[in-house]
Amino acid sequence: DLASPITLGKSTVAGNNNSFKGCFSCQRCTNICPVVRSYDNPSEALGLLPHQIMFSLGIGNVDLAMGSQMIWSCSTCYLCQEHCPNQVELCDIFYNLKNDAINKIEAGANS
């Protein structure tokens with residue numbers, strides 16, 4: 001299908017939410033985010049910004065996305081999802097990434 005976005009790697013996010021594949025980095029999510037806007041230097045404070053997290057998932061770097069402070073700082077106001085032109089489910093993906101990170105930490109602690 002020529003209309004589908006091209007991804008460079010295989011990414012699976014918990015719950016099989018692959019809506020990040022629709023992201024084309026318009027940055028509306030980042031621009032509308034009240035958490036991002038609350039910092040003078042959001043990249044320094046949050047690591048990856050919302051659109052960058054979607055991009056990292058698109059190239060298959062789930063660990064990079066999982067390590068971003070942004071997923072933990074998200075206020076779950078859902079403004080990013082409401083304003084996304086491609087219905088990328090950012091908040092839901094952030095929840096999944098947090099759950100994956102916790103599971104990974106617990107698995108490491110139990111081994």
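There are zero disulfides here, a disulfide being a pair of cysteine sulfur atoms within 2.5 Å. Cys 33 is in none, and the nearest cysteine sulfur, that of Cys 77, sits 6.2 Å away. This is a predicted model, so local features need pLDDT of at least 70 and side-chain atom pairs count only at pLDDT 80 or more, while totals for chains, interfaces and linings use all residues. Residues are numbered from 1 along each chain as its sequence is written, and side-chain values use heavy atoms, with hydrogens and water left out.

**Cysteines**

- The sulfur of Cys 77 is 6.1 Å from the closest cysteine sulfur, in Cys 91, and that is too far for a bond.
- At 10% relative accessibility, Cys 33 counts as buried; the cut-offs are under 20% relative accessible area for buried, over 50% for exposed, and partly exposed in between (1.4 Å probe, protein chains only).
- Cys 77, with a relative accessible area of 36%, is partly exposed.

**Overall fold**

- The protein chain has eight helices and zero strands, where helices (H or I, at least four residues) and strands (E, at least two) are DSSP runs numbered from the N terminus.
- Read along the sequence, that gives the pattern α-α-α-α-α-α-α-α.
- Buried residues make up 37% of the 111 residues in the protein chain.
- Take the contacts between residues at least 6 apart in sequence: 59% of them join residues at least 24 apart, with contact meaning heavy atoms within 4.5 Å.
- The accessible surface of the protein chain is about 6,500 Å², and 51% of that belongs to carbon and sulfur atoms; areas come from the Shrake-Rupley method with a 1.4 Å probe, and for residues only the protein chains shown count as cover.

**Nonpolar core**

- The largest nonpolar core has 26 residues, of which Ile 53, Met 54, Leu 57, Met 70, Phe 94 and Leu 97 touch the most other members.
- For the record, a nonpolar core is a set of buried Ala, Val, Leu, Ile, Met, Phe, Trp, Tyr and Cys residues joined through side-chain atoms within 4.5 Å.
- Leaving out residues up to four places away in sequence, Phe 94 touches Pro 50, Ile 53, Met 54, Met 70, Ile 71 and Cys 74.

**Helix 4**

- Helix 4 is mostly covered, with seven of its nine residues buried.
- Those buried residues are Pro 50, His 51, Ile 53, Met 54, Ser 56, Leu 57 and Gly 58.
- They pack against helix 1, helix 2, helix 5, helix 6 and helix 8.
- After helix 4 comes Gly 60, with a positive phi near 85°.

**Charged side chains**

- Searching the whole structure turns up one salt bridge, defined as a side-chain nitrogen of Lys or Arg within 4 Å of a carboxyl oxygen of Asp or Glu.
- The partners are Asp 63 and Lys 104, whose side chains meet at 2.7 Å, N to O.
- This pair links distant parts of the chain, with Asp 63 in helix 5 and Lys 104 in helix 8, 41 residues apart.
- Both ends are partly exposed: Asp 63 has a relative accessible area of 47%, and Lys 104 has 48%.
- Lys 98 is buried yet has no salt bridge, and the nearest side chain of opposite charge, Asp 92, is 10 Å away; here Lys and Arg count as positive and Asp and Glu as negative, with His and the chain ends not counted.
- Lys 98 belongs to helix 8 (residues 90-109).
- Apart from its neighbours within four places in sequence, Lys 98 is in contact with Ile 71 and Trp 72.

- Gln 27 is a residue other than glycine with a positive phi, near 70°.
- Gln 27 lies in the segment before helix 1 (28-32) and counts as partly exposed at 34% relative accessibility.
- Tyr 78 is not a glycine either, and its phi is positive, near 70°.
- Tyr 78 falls in the loop between helix 6 and helix 7 (79-83), and at 25% relative accessibility Tyr 78 counts as partly exposed.
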